[in-house]
Amino acid sequence: MLLSTSLLKKLLKPLAKLSFVALLLFFLGKKGLLSVSELPKIFENPRLLGTSLLLSLISLVLGVWRWKLLLRGQEITLNWKKTFELSLIGNFFNIALPGAVSGDLVKAFYIAKDFPGKRGHAFGSILFDRIVGVSGLILTSTAALLAGYQSLHDTPVFEAIKWFVLFSGSGVLIFFGYLFFLPEKSDPVLAILERLQRRIEKLASVTRIYEGVRNYHRHRWVALQSLAISCVIHVLGATSCVLFTMALEPSGTLIPWLSLFTLAPLGLLATALPLAPAGVGTGHAAFSWLFLLLGFKSGANVFSVFVLFQILWSMAGGIVYLRHRPDLASASPSKL
């Protein structure tokens, strides 16, 4: 009976998530905000499609470069080929196999296998990679807002969005100020974790991961470079969203670039909710709502194209995983 109850709980959780996502997609389709028949418009313009693919590829390469820098900050040196392969494989596990094995865990496993004793540092680089990724989203949105503050309509909803963006941007600056200027010996969070791990041994791994993040206190330039790369990645992503909007909206529609550069990163933040692969459902709902604020009905469709590009690179990661699994599993530092 206990086994059946446990199995039922395991099945109910993903089922509830999928049901919620299906409900969101059904609602958007019912309202005419999500339409598969609209997506071919993207493919009717080869120049736009080619430009978007190029921007997506550049973003992928920049993401690999960012992680390579962060690994170097942890004294873990991988060549470009290995870093690129692990990044693609991580994307594959994050998107194609959600809830099974996290792509972050897979990347950390391979690095820990190659560099014994560096597991905490590996997780530290991956966690910080996520941190600078989200920080780049927020800073991109904040910069666009400050550049075109008056372009957003003066309504209560937009005022709330403005304050949220400004507050989040300030939070990012405070976090990096805390990391860069507070020495480890004066870090209250580290002190608390060290005290707790003496009582609860399992927290030792959490402390090591946090120490891995704190390691960038001594590598500020690496952290700043990574943050700058993140901002460039999200500028490219927002540009792709603008191009998709131009293709999906009626010809001659005036596209407010700064407004979309402010709102598109916020839509991507919603995909952090782990309900479905690539933020399907939550991303569609967020993009649809944010675009409607600007008078556009193409938000959900724009996100659909964005997801298609992510799935494309995920499939590439699956091919790399299947072809090079033995090589990756047996790699040693001397071969890098």
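Student: At what angle do helix 3 and helix 6 pack?
Tutor: Keep in mind that this is a predicted model. To describe a helix pair, compare the directions of their axes, running from N to C. Here helix 3 (residues 46-73) and helix 6 (residues 119-147) pack at about 135°, and their axes lie 9 Å apart. Angles over 145 degrees would count as roughly antiparallel, and 65 to 115 as roughly perpendicular, so helix 3 is oblique to helix 6.

Student: Is the crossing of helix 3 and helix 6 left-handed or right-handed?
Tutor: Right-handed. On the helix 3 side, R66, W67, L70 and L71 make the contact, and helix 6 brings S125, I126, F128, D129, V132 and G133. By type, the residues of this contact are six nonpolar, two polar and two charged.

Student: What span should helix 12 have, and what do its ends show?
Tutor: Count 1.5 Å a residue: the 12 residues of helix 12 (residues 282-293) should span 16 Å, and the end C-alpha atoms are 17 Å apart, so the two agree.

Student: Which residues of helix 12 are buried?
Tutor: Buried means under 20% relative accessible area. In helix 12 the buried residues are T282, G283, H284, A286, F287, S288, L290 and F291. Just after the helix, G295 has a positive phi of about 90°.

Student: How many helices and strands does the protein have?
Tutor: There are 13 helices and zero strands. Of the protein's 336 residues, 47% are buried.

Terms used:
Residues are numbered from 1 along each chain as its sequence is written. This is a predicted model: local features need pLDDT of at least 70, side-chain atom pairs count only at pLDDT 80 or more; totals for chains, interfaces and linings use all residues. Side-chain values use heavy atoms; hydrogens and water are left out. Axes are lines fitted to C-alpha atoms, for helices over the stretch in contact, and angles run from 0 to 180 degrees between N-to-C directions. Helices (H or I, at least four residues) and strands (E, at least two) are DSSP runs, numbered from the N terminus. Angles under 35 degrees count as roughly parallel, over 145 as roughly antiparallel, 65 to 115 as roughly perpendicular and the rest as oblique. A crossing is left-handed if the near helix is turned anticlockwise from the far one by less than a right angle, and right-handed if clockwise. Contact means heavy atoms within 4.5 Å. Ala, Val, Leu, Ile, Met, Phe, Trp, Tyr, Cys and Pro count as nonpolar, Asp, Glu, Lys and Arg as charged, and the others, Gly among them, as polar. The expected span of a helix is 1.5 Å times one less than its number of residues. Buried means under 20% relative accessible area, exposed over 50%, partly exposed in between (1.4 Å probe, protein chains only).
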